[in-house]
Structure formats: structure tokens, C-alpha cells
Amino acid sequence: MSVRPIRVLNVAEKPSVAKAVAGILSRNQGLRVREGRSRYNKIFEFSYVINGQPCEMMMTSVIGHLMELEFGDRYRKWNSCDPADLYHAPVSKHVPEDKKDIKRTLEEEARKCQWLVLWLDCDREGENIAFEVVEVCTGVNNRLDIWRARFSALIDREIHYAAQNLARPNQLFSDAVDVRQEIDLRIGASFTRFQTMLLRDAFVLEYYAEDRNLVLSYGPCQFPTLGFIVERYWEIQAHEPEEFWTINCSHNSDEGTAAFSWMRGHLFDYTCAVIIYEMCVEEPTATVTEVKKQEKLKYPPYPLSTIELEKRASRYFRMSSEQTMKVAEELYQAGFISYPRTETDSFSPQTDLHAVVHDQQGHPVWGAYAQRLLDHNAGLWRNPGSGGHDDKAHPPIHPTKFSAGESNWSQDHHKVYELVVRHFLACVSQPAVGAETTVEIDIAGEGFSASGRVILSKNYLDVYRFESWGGSLLPRYDVGQQFIPTALTLDSGVTRPPALLSEADLLSCMDKAGIGTDATMHDHIKKLLDRFYATKDANTRFSPTHLGEALVLGYDDMGYELWKPYLRAAMESDMKAVSVGTKRKNEALTACLEQMKACFLDARLNKVKLLQAMEAFFERNNRAGGGEQNQIGHVVRRCNLCQESDMALKRKPVMIQSLFCNLK
């Protein structure tokens, strides 16, 4: 007896993913394409069998989030309420106008189906989008059986496995994103309105943007990220060079030259340094006191996580984190690499690592190395180490399809693909082996040392061209041997400040402090540049603008650490707790918003600190009269007539301030 087919609506996160999944599941046989309500989101039809159940599959897509979280109409306009009211104003999710056609497509298809299979990206954000799709589809068909496909690469074995092993969507992951969205909306809107209305018209800021359109935004992740940049800049500005002295010794022999460093390092006391140096000059005979020879290993990197991909692309190619993720996403959608947003830096024992290496054997550059890895007699293979992180959603980033370069790839595509492949080959390789020699000598009671290294086996360094392990070969020395140094000098130097933060440094700071996630860090950095809070030079190093520095200075002078990472790190910790079920959604929201509302109210009471900080960098704007006495939009009291809204200052055409009811 034949089993009756069921109709299945499949929804992916992007049109390109829907097309790729449909092509894989249908094996490009009997695949039909028709238009949806949105011209960008086509519908693919094909037959498929899921665990013995014949299915008529309809595959379509959304484009990222289907819904937006917004305040109710009364609170949406900047002058409509006291910004403090935004901490408890009603909010709701809705489908914006530009995505109504996608919504209509989903509704029309859902009415005709028995199953809904969600092919959204397998991370928290994707899970939240999945529940937005569920809300729309069940709104017209509450009998849908809802399933989740979990996959990490757009390749045949992953997609077919996901289709045959459907699971249920994870409500906790979605809840964690709901918490983040609401926190960011309420905090961001309140502080952004407050500081924009306070400062924009009070100072001459034409340099940064059209004066009247400039938004001085505040973001709970954006501001701590700016704080890292400003803090390093202040550290550099506060640095006072200090002179120091050190003794250097060199010795030439028939076997070469050895440079010995003073084991004290350096002294800041010139008189002491001179006395010690003169003792050495008077008794210059050097005696070898110790010769240490030992084998040293340089280990390959751990498997590749998103943060490491961004840091290494910045370090090796000077590629921005935003561009790195854009290119990585395109490579993933084309099936060349695994899902590029992952915190995981260890492979599970079930991963067929040899198969991944096997696919790379034909490459004209690193193919020979891949062949050596698979040759048991070569002894080059080593199971990869573990960095200790596992997001339980995706494996580390690795190549999923061979390519010697595609015709439509840019130079950045070539670079990112090469980095992913070489990194994977390196992490399954033996460490480099070196022989290191350290020689210690004594001159007049002062110790000096020199080190040399020779590489015995390069191993992973043969393929990982981004790293080196240099060293010099020391002449031979024996314990008790004596010699007169060729040169013995007293040299001076000055202490130097640390360098400005590079993009790799900034990502490390954010990662360590728990600011943002692997999927959002690059966005927070981009916003700082877009908002004119920071600049990035050709060496990918960041400096604050006057505007960025003034804002951080103002909040710092208030005594608040809103620009420090601690508050946001606590929020991220709460969101993670929600995602694993150890904290309830409302509990996390209430605690965070109460704390941030108290900070907001205190900041508003101390707004003079912000104004003073801005005055250190900018001229007052005479036409506006200044932020402190001309608080346009500032709520004064309740309206006596309607008793429903607030009375706020608004500017009339002749620049006179008047009280207006916000509902009128």
C-alpha cells in the first residue's frame, strides 16, 4: 500500500540558501521554480522522501529577520515622551512594509501544507528568525507540524543528513535573542535620544555630518567597544618617556657572532648602570657558566572559530572584520566552507577529518602537502587540539569543497578560502620541531645570555605560510670556556607607549570581555566608524575622534562606567543563561532594565558633565543657545487638558521655545 505524500513548506534564511538546499535535495532532477509574492524569494518545488514519508516539497526563503521590534506609536517619535519612559513603554514585533510580500508568500504556502521545515542558520539569531516564520505560518494554519533542520555546510552529505534527522526548534535560543533585542532597543533609544537632543544643537558638529541629521547613538555593545579604543588612546597620551640604560655584549668567532643580553634587562638609574658597566670593562673576561640544549615545539593553531578568522584575516591581510564576514558568508553560501559563525574551536570525534584533507589533494599549491598528510608513513598527521569552546551548534570553520579558484572570486575570496584551507591543514599536522641552545656567561659578576635556534622539522609550518619561527645559529660554547667580548657597550633607550589598538587587538578585547557575539562583533566595530566615533588607519589601528572621546570623557566624569565592558558582559552572560534555560526571559529583562534605567536617570541629572566634556573639543553653537538652557524635546510636566501625554519644549519657526502637548 503506497503512502500518501504530504506537502511540506521549507523556509531558508536567504534566497541563495533556499536555491542551494533545493538543488541538493532534488539532485537537480524534477526541480520546478515559480515566482512568489516577492520577486527576490522564489519558490522551488520537488519531490523528496523523509524517513520513508513521500513529500511534495515547497522551498522558499526570507531575507534575514522577518519582523522588527518597535515601540508603540505614542513612543516612536523622539519628542513624544520622556526618554526614561522607554524603559517600560509597550513594544511589539511586526512585519515591516518592505517584507509584507514575503509574509504573504509564507501565508499562501502554509495554508496548503501539513509540515513546516525551518532551514534557518543554526545559531541563536537563526532560531529567532525561525520562530518569526512559525508565527506567520501558524497564524493561517495552526495544524502545521513544525520541524527544524540543523546543518553547518551547504554540501550534499550535510543537507541530506539534516533532512533525514529533523528536530524541533529551540525556544530558549529564540528567547535569548528576544532579550537582547528588547534590551538594545530600550537602552539604545533612551540614551541616543538623550545625548542627541542634549548635544547636537548645542555644539558645532558640521565636520561629522549634516548638523541637523547627526544622531549621537548609544549602543550597549557599541559604547564599551569605543571605550577600549579611548582607553588605549588615553594610555598613550598619558605616557611619559623614561630613559633607561642597558649593557650589551657581543662576541665574534670563526663560527659566527653571538649577541648576549644583560640578564638584569635595564636600569633607570644612570649612575648604577655606569658603575656596573665600568666593573665589566675593568674585568672583561667572560666565563661560560651554563649551556642548555633542548628540543622545542611550536604547536599549530586550534581549529578555526569566527573570532580567530576575523583576527587572523586582519593580521595577515589587513582585511576588516566586516569584509571578512561578508566574504566568508558568500563562500559558505556557495558551498566552499562550513558555516562561518561559530564559537567552536574543537572538532568532534565523529568528524571525518581525513575526507576534508582528501578533497584538497588536487590543489596546485597545497595539494602535495595534503597528500603527505594522508600518507601514514610520512608521520605528519596529528589529531587537532581543542581550544575548549563548543557552541553545540556548529563545528569549527573548515573547507567543504575543493576549489583552485573560481572565475567570479575577488582577491578577498581567494585570501579567505586560502586561510580557511591552510588553517585546517595546519591544525591536523604535527608541531614544528626546533633545537634551542641557550648560553649564559659571567662578566665581573654580571650575567648575560644568548639564545639560538635551528628548525629540525617544519611540519605544519610548511603549509601555514602565515607563521614563521625564526632564530639564529649560535657558535659552539662549552661550560668553563673563557673569552674577551668583541664589544661591550652601555646603551641608552627610552620607554615607549603601547601602540593604538589594531582590529585584531580590539576583537580580542571584545571577546575577552564578552562584548557581543561571534556573529555581531564586526557590526559593532563598523558602527563606531559609521557614527564618526572612531577612525581606522591603513595599519588597521583605531583612534577615537573628538566626538567619541568627548562622549566617553563625559560619562567617565560622571563616575559611571557605561563605557566599560562590565555591564554589557553581565547582560551577555544573562542572555547565555536564558539560552540554556538557567534563567527565565522576564527575569533577565527586568534585572537589566532596572539597572540601566537607574544609570540613565543619574546620567541625566549629571548632564552638565557631558556638556563640559563636549566644550573641551567643540565650539558652542550660538544659533541654538546651548544644550543646557535649550533642551528641545525635554518633558516638563503632564498636559493639564488631556491628562494623557506630556508637555515638552518645541521650537517654533521664530526660534522661540514653547510648551506643546505631545499628543497634539
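The side chains of lysine 103 and glutamate 107 meet in a salt bridge at 2.8 Å, N to O (a side-chain nitrogen of Lys or Arg within 4 Å of a carboxyl oxygen of Asp or Glu). This is a predicted model, where local features need pLDDT of at least 70, side-chain atom pairs count only at pLDDT 80 or more, and totals for chains, interfaces and linings use all residues. Residues are numbered from 1 along each chain as its sequence is written, and side-chain values use heavy atoms, leaving out hydrogens and water.

**Within helix α3**
- Both partners, lysine 103 and glutamate 107, sit in helix α3, four residues apart, about one turn of the helix (helices are DSSP runs of H or I, at least four residues, and strands runs of E, at least two, numbered from the N terminus).
- Lysine 103 is partly exposed at 24% relative accessibility, while glutamate 107 is buried at 15% (buried is under 20% relative accessible area, exposed over 50%, partly exposed in between, with a 1.4 Å probe and protein chains only).
- Beyond its neighbours within four places in sequence, glutamate 107 is in contact with Val136 and Val140 (heavy atoms within 4.5 Å).

**Bridges between elements**
- Arginine 604 and aspartate 82 pair at 2.4 Å, N to O.
- That pair links distant parts of the chain, 522 residues apart: helix α18 holds arginine 604, and the loop between α2 and β6 holds aspartate 82.
- Both arginine 604 and aspartate 82 are buried.
- Arginine 32 and glutamate 45 form another salt bridge, at 3.6 Å, N to O.
- Arginine 32 lies in strand β2 and glutamate 45 in strand β3, so this pair ties together parts 13 residues apart in sequence.

**The wider picture**
- The structure holds 44 salt bridges.
- Glu13, Lys14, Asp121, Glu329 and Arg341 are linked in a salt-bridge network.
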